[in-house]
Amino acid sequence: MRRTGEILVVDYIGVRTVSRLVAAMGLDLFIAGMANEIEDDYARWTQFDKSPRHAAHSVDGVIELMPTSDGVAYSFKYVNGHPKNTAAGLLTVTAFGVLADVATGYPVLLSELTLATAIRTAAMSALAARWMARPDGKTMALIGNGAQGEFQALAFHHLLGIRELRLYDTDPAASAKLERNLRGLRLPQLRIVRCADVLAAVRGADIVTTVTADKRNAIILTPEMIEPGMHLNAVGGDCPGKTELHADVLRGARVFVEFEPQTRIEGDIQQLPADFPVVDLWKVLAGTEVGRQGDDQVTVFDSVGFALEDYSTLRYVHVQALRRGIGREVDLVPRPEDPKDLFRYTRSGDARSLIRRVA
Ligand SMILES: NC(=O)c1ccc[n+]([C@@H]2O[C@H](COP(=O)([O-])OP(=O)(O)OC[C@H]3O[C@@H](n4cnc5c(N)ncnc54)[C@H](O)[C@@H]3O)[C@@H](O)[C@H]2O)c1
């Protein structure tokens, strides 16, 4: 919570502000900064309150609430996943979030998180891949070329040095859009190849990112497609009954998770018994577990998205926006001079005068 004069304000960061921030910083630096922020917060994993997210399922989708706190700041994200939305001209995933002050319980920031989630998910994927992919990997297959696609591609290009990107989507228009957007950036070091099917995309790839949206147990990757040493960044299987990998692909790999109790419910490992061995990513980042154990090992990041990453995201966008003086304030919380006199807001004249002071 900040003071403007004598007034407590809640900051608001909308889509336009995140868009301006990305333009001001450059997406590569923005993703890199976000990855650092997430890495720093994962390093203090034990300080955070952790719980699997609360999911409200419906026929075509899910609405989830993702809270966490480190005892100083509290955050939550509201996010949905409705794969059928795109057919109606709507996004599959939308999100917003709040950062609050634990000491007073006052909200300090209300922020868009649709765009920011795509950036944080890509940053998280690249951060995890640093420990799981072979360091000499240069080729990535990207299966699923929708809203998240460009962000994943660019995170792996800028942070991991991927030089060849193989695209496949059941919707050729999505791959054409992704190729057009990436070519528009004129990245001389990035070769883009559109492929006819999954197998053509993954053959010989060092990294395979699956980021498809389909509300069913899809099997995008089968055991025959997997080559020794591959790293699989499985992003789209993130809900009960919504997976991307054949169970035998997981059985043959070293599998890394964000927060095990949540991934057991939502990740690709939901297909396997509860004692299937997994590695906690935070322990790898803390140096108490190793990542990849050899050149031939197949590794899987069974990504579902954890609340801590959104806490990092909210803090990151807030600091960046404040630093540049962009974003604005909203009268989300009343502030009567007498805190016991909330009733004064029922007199429209009084409320208007306070709103004017905040604006
Ligand atoms: N793990 C995380 O942290 C995280 C974060 C954000 C989104 N997601 C998930 O990522 C997925 C993609 O999100 P989005 O916003 O890009 O959705 P989107 O709907 O914009 O794009 C998904 C794409 O997948 C394609 N697709 C569907 N089935 C396919 C198949 N069998 N083979 C190839 N392509 C296929 C669709 O045609 C579409 O272009 C969603 O499932 C979402 O829930 C995960």
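Predicted model: local features only at pLDDT ≥ 70, side-chain atom pairs only at ≥ 80, totals over all residues.
Select K50 first. Its side chain reaches the backbone oxygen of W45 at 2.8 Å.

Residues are numbered from 1 along each chain as its sequence is written, and side-chain values use heavy atoms, leaving out hydrogens and water.

**Around K50**

K50 is in the loop between α2 and β3 (54-57). Helices (H or I, at least four residues) and strands (E, at least two) are DSSP runs, numbered from the N terminus. Is K50 buried, partly exposed or exposed? K50 counts as partly exposed, because its relative accessibility is 28%. Buried means under 20% relative accessible area, exposed means over 50%, and partly exposed lies in between (1.4 Å probe, protein chains only).

Next, list the contacts of K50, meaning heavy atoms within 4.5 Å. Leaving aside neighbours within four places in sequence, they are W45, F259 and F306. Then select Q262. It is 212 residues from K50 along the chain, yet their C-alpha atoms are separated by 9.6 Å.

Go to S69, in strand β4 (residues 62-69). S69 counts as buried because its relative accessibility is 9%. Its side chain reaches the backbone nitrogen of G71 at 2.9 Å. Beyond its neighbours within four places in sequence, S69 is in contact with Q47, F48, D49, Y74 and V102.

Y74 leads on to A100. A100 touches Y74 along with V72, A73, Y106, P107 and V108, not counting residues up to four places away in sequence. Find A100 in strand β6 (residues 95-101). At 11% relative accessibility, A100 is buried.

Select residues 27-43. This is helix α2, with 17 residues. From first C-alpha to last, α2 reaches 24 Å, close to the 24 Å expected at 1.5 Å a residue. The expected span is 1.5 Å times one less than the number of residues. Which residues of α2 are buried? They are F30, I31, G33, M34, A35, I38, D41 and Y42. These buried residues pack against α1 (15-25), α3 (114-132), α4 (149-160), α9 (281-286) and α10 (307-324).

Move to α3. The end C-alpha atoms of this 19-residue helix are 27 Å apart, which agrees with the 27 Å it should span. Of its 19 residues, 15 are buried, so α3 is largely enclosed by the rest of the structure.

Now pick E309 in helix α10. With 1% relative accessibility, E309 is buried. Setting aside neighbours within four places in sequence, E309 is in contact with I38, Y42, R120, M124 and E258.

**Two loop stops**

Select R186, in the loop between α5 (172-183) and β10 (191-194). R186 has a positive phi of about 50° although it is not a glycine. R186 is exposed, with a relative accessible area of 70%.

M225 is buried, with a relative accessible area of 14%. Its contacts, apart from neighbours within four places in sequence, are V198, L199, V202, I220 and M230. Between M225 and V198, 27 residues apart along the chain, the C-alpha separation is 8.7 Å.

**The ligand**

End at the ligand. How many residues surround the ligand? There are 26, and the closest are T92, Q148, D169, D238 and K242. A residue counts here if one of its heavy atoms lies within 4 Å. The shell divides into ten nonpolar, eleven polar and five charged residues. Ala, Val, Leu, Ile, Met, Phe, Trp, Tyr, Cys and Pro count as nonpolar, Asp, Glu, Lys and Arg as charged, and the others, Gly among them, as polar.

Show the backbone of T212. One of its N or O atoms lies 2.9 Å from a ligand oxygen. A polar backbone atom of V235 is 3.2 Å from a ligand nitrogen. For V304, a polar backbone atom is 3.5 Å from a ligand nitrogen. The protein covers 89% of the 870 Å² of accessible area that the ligand has on its own. Accessible areas come from the Shrake-Rupley method with a 1.4 Å probe; for residues, only the protein chains shown count as cover.

Conventions:
Polar contact = N/O pair within 3.5 Å; in protein donor to acceptor, adjacent residues only side chain to side chain.
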